[in-house]
Amino acid sequence: LAGATCYANDTARHTFIVVNPPVPVVSQDAAYVCSGGYITLSTQYAQSYLWLPDSLTTQSIQVTFGGDYTVEINYHQCDSTSQVLNIIEHPSPVVELGNDTAFCQTTLFMINAPAGYQNYLWQNGNTDTTFYADTTGLYYVTVSSTFCSTSDSIHLTLVQCNLAIAN
């Protein structure tokens with residue numbers, strides 16, 4: 001039909017709500033984890049969570065080892081996965097001051113922290129690797145490397161020693 005115009009009518013109305021799947025944003029409370037310690041990873045609110053590689057299902061997790069982590073969230077039936085977050089693990093200093101002990105009042109007790117670390121801080125502010133004690137008390141040191149710190153303590157008891165002196 002020449003010159004004919006076609007029209008179409010539809011009386012049905014549909015409302016669509018378009019929800020963009022949320023891209024999970026992961027926040028961390030530290031840039032790295034120290035061996036023996038932990039950091040916390042968190043993401044925004046969602047109906048469900050799946051953290052990998054540990055298969056944890058909470059909004060926040062504590063990470064105790066370095067490695068690659070991701071979280072998959074479900075929000076209004078839309079699944080989305082975060083980018084891979086590589087957590088670096090740095091070794092913590094190894095500090096062992098020894099067992100609590102007693103020593104004679106006429107001597108100094110030498111306490112040695114392991115050499116080779118960046119910083120040392122004893123209970124009184126001393127920054128040497130060795131501390132000399134002459135009284136009863138709790139002695140402690142914090143040893144720091146570039147990234148991590150570790151503390152240890154020892155309790156010393158001063159005792160009176162009666163040493164026989166030969167003639």
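The link between Cys 104 and Cys 161 is left-handed, with -90° about the S-S bond. These two residues form a disulfide (a pair of cysteine sulfur atoms within 2.5 Å), and their sulfur atoms lie 1.8 Å apart. Cys 104 sits in strand β9 (residues 101-104) and Cys 161 in the segment after β14, so the pair ties together parts that are 57 residues apart in sequence. Strands here are DSSP runs of type E with at least two residues, helices are runs of H or I with at least four, and both are numbered from the N terminus. The model is a predicted one, in which local features need pLDDT of at least 70 and side-chain atom pairs count only at pLDDT 80 or more, while totals for chains, interfaces and linings use all residues. Residues are numbered from 1 along each chain as its sequence is written, and side-chain values use heavy atoms, with hydrogens and water left out.

How exposed are the two cysteines of this link? Cys 104 is partly exposed, with a relative accessible area of 23%, and Cys 161 is partly exposed at 27%. On this scale, buried means under 20% relative accessible area, exposed means over 50%, and partly exposed is in between (1.4 Å probe, protein chains only).

The structure holds two disulfides. The other one joins Cys 34 to Cys 148, with an S to S distance of 2.0 Å. This link is also left-handed, with -95° about the S-S bond. Cys 34 belongs to strand β2 (residues 32-34) and Cys 148 to the loop between β13 (137-144) and β14 (149-159), so parts 114 residues apart in sequence are tied together. Both Cys 34 and Cys 148 are buried. When the bonded cysteines of the protein chain are numbered in sequence order, the pairing reads 1-3, 2-4.

Another cysteine, Cys 78, counts as buried at 17% relative accessibility. Strand β7 pairs with β6 (residues 67-75) in the antiparallel sense over four bridges; two strands count as paired if DSSP finds at least two bridges between them. Within this pair, Thr 81 is the bridge partner of Glu 72. The two strands form a hairpin with two residues between them, and His 76 in the turn has a positive phi of about 50°.

Ser 42 is found in strand β3 (residues 39-42). The side chains of Ser 42 and Ser 60 are joined by a polar contact of 2.7 Å. Such a contact is a pair of N or O atoms within 3.5 Å; within protein, one must be able to donate a hydrogen and the other to accept it, and residues adjacent in sequence count only if both atoms are side-chain atoms.
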